[in-house]
Amino acid sequence: MKIVVLMKQVPNRDAILRVNREEKWIEEGDLSFEVSESDGYALEEALRLKEKKGGEVVVCSLGPQRVKSVIKDALARGADRAIHILGDNLEHVGPFATAKILAEAIREEQADLVLTGLQSDDYGYGQTGVIAAELLGLPHATIVIEVDYSGEQLRVKRELESGWYQWYTMRTPCLLTIQSGISQIRYATLKGIMAAKKKEIREVQPAADAAAAGEFQTVTRIYLPLKQKQTQFLGDGDAKRGAAQLAEKLRNEARVI
Amino acid sequence: MPNGILVFIEHRQGAINKTSFEAVAAAQALGAGAGQDVSAVVLGADAGVAREVAAYKLARVISAENPKLADYTSDAYADAMERVVRARDPQYVLLPHTYLVRDYAPKLAARFGKGLVSDCIRMKAEGPMVTFTRRLFLGKMDADVVAKGEPPVFATFQSGAYRADQAERGEGAQVESLPVEVGEVRMQPEAPFQEVKQAVDLSKADVIVAIGRGIKSQENIALAQKLADALGGDIAASRPICDAGWLPIDRQIGSSGQTVAPKLYVALGISGAIQHLVGMKNSSTIVAVNKDPEAPIFDIADYGIVGDLFEVVPVLTEEIKKLKS
Ligand SMILES: Cc1cc2nc3c(=O)[nH]c(=O)nc-3n(C[C@H](O)[C@H](O)[C@H](O)COP(=O)(O)OP(=O)(O)OC[C@H]3O[C@@H](n4cnc5c(N)ncnc54)[C@H](O)[C@@H]3O)c2cc1C
Ligand SMILES: Nc1ncnc2c1ncn2[C@@H]1O[C@H](COP(=O)(O)O)[C@@H](O)[C@H]1O
């Protein structure tokens, strides 16, 4: 069985973000990056399926040279090889063009399964996987929280709102978008890190027509969210004093203790 | 000439998802600004649903019908909606950002060579110029977005972006039934279900102390538990804590967990992603402790302490014990 996993690199989740001068994106200069959370779970699921069913796991990432760190980490965890679609400023082309570039880059792989994260932690479109499935002619299921491939048929458990779930029987090939928490993510071992050095990372250019698919939505400005409440900040940088003030406020102002 | 606004109404076996009416409110607001009429779309022949929707101020309710629409599947819904959109040729297609919509709407938009302006929290129409606002970086930034290119524009709205009770009622819109073709459906759904009855019902708790990834390790949960005990409250968590198995999933607050509105909600080391906020933002008093002054949780907090929760929580626990004794 061949499984392709789409993995995106995003700014570190604890990073302090600053709006760039053009107010279209953030200052990237001093940022550190990591894999988008649900993509890590997508890779884990792929590795577990491979352990059960045999086959190959191929990771694919679109982005500048720095995304190599996400790719290398995936190879160290056990992916077999990687496709890196290289391009600067291709991160901002919007969900349709992104999906098209990714779909064209993996089309020839003819994978049995394509796994993606359900939503990226930066743009958060929540749609790249589904659009890619449509472009590849694959059926899909989103927000998948369990994959059962013990028998002949692939069954997936989808998360619905407020604690509801639903199983779907899928035919393969298909594409699944994976929700965080599907399983516990493994760490890379030293052996894995050494083995990764010999694994193939194929650099490719985005297909010309895919890259030209065009933007249909443009970010005109980004900014810090507007406050919805007047927050009383307590302690003025002194955490302990803040705690004491808070206890007092909760009693005398909010009257909750 | 493309014209009008289509708004998608979600229902499962006749029960309408109420965020659909928030989308109706959004569509009416856009329609008023842009001088366009609003039509609602219901998939699957359900006269009750169509009638309920027809009570709103709408140009028409389109009931798109095919036996394959009885149970939701992305294949059938994308096919049916594609037929409706092509038949009506609208300027805008607006949808609530539900899990069902997330599942099929990107596929629908892709058939028109585009994606969605997804998960919008605001919209501003100035004549023909419409600016959508959506969240980036898990709630840390807002982005204003304009749609370009050929219509239709597909946009989805976060739950709570508009209020369902602001959707205007009307004199009874005409219901038009539209038989639609649906191709092959490549997935088979089973009946939706809930996991074993939830052991804890946090919706009745007066005080909730919720922990997020800032708590760092499972051992540290004891610290938050002590605070919860001092306050006579329950412990709860953001998703990553339950994903890691540090607390059971029935203590998860948010769009895929429980929705709560206690008198006091204390968020410790929670950033405030939108999927968490929808589960707790109606709490009466919200306290946030976070070392990042820009954490979006502060946008909805009544009291905030910028600092290390490991310094704050022990002191707070002691002070509360003192006040209570
Ligand atoms: C479809 C979907 C459904 C989802 N459903 C849910 C849901 O139901 N519930 C939910 O919660 N999430 C849900 N999520 C996930 C959500 O998007 C966020 O990823 C999640 O809420 C983040 O959890 P967090 O705030 O604990 O972690 P993070 O975002 O990592 O935030 C940790 C915070 O802790 C702070 N911190 C770190 N150390 C300290 C310290 N020592 N002292 C004080 N502060 C500190 C940091 O500044 C940061 O703000 C869902 C996502 C999707 C896409
Ligand atoms: N640049 C990229 N490289 C690889 N995968 C991506 C990229 N952008 C999006 N994806 C995949 O699509 C998923 C959903 O992204 P989004 O539609 O932006 O929320 C991500 O979790 C990734 O699996």
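Predicted model: local features only at pLDDT ≥ 70, side-chain atom pairs only at ≥ 80, totals over all residues.
Visitor: Which backbone does an oxygen atom of ligand 2 approach at 2.8 Å?
Guide: A polar backbone atom of L6(A) lies 2.8 Å from an oxygen atom of ligand 2, a polar contact being a pair of N or O atoms within 3.5 Å. Residues are numbered from 1 along each chain as its sequence is written, chains are lettered from A and ligands numbered from 1 in the order written, and side-chain values use heavy atoms, without hydrogens and water.
Visitor: How far is S120(A) from ligand 2?
Guide: An N or O atom in the S120(A) side chain is 2.7 Å from an oxygen atom of the ligand. For G117(A), a backbone N or O atom lies 2.9 Å from an oxygen atom of ligand 2.
Visitor: How much of ligand 2 does the protein bury?
Guide: The protein buries 98% of the 490 Å² that ligand 2 exposes when taken alone (Shrake-Rupley method, 1.4 Å probe).
Visitor: How many residues surround it, and which are the closest?
Guide: Ligand 2 is surrounded by 18 residues, and the closest are L6(A), D39(A), S120(A), G126(A) and T128(A) (a heavy atom within 4 Å).
Visitor: Which strand gives the largest share of the shell?
Guide: β4(A) does, with three residues.

How values were computed
Polar contact = N/O pair within 3.5 Å; in protein donor to acceptor, adjacent residues only side chain to side chain. Helix = DSSP H or I, 4+ residues; strand = E, 2+ residues; numbered from the N terminus.
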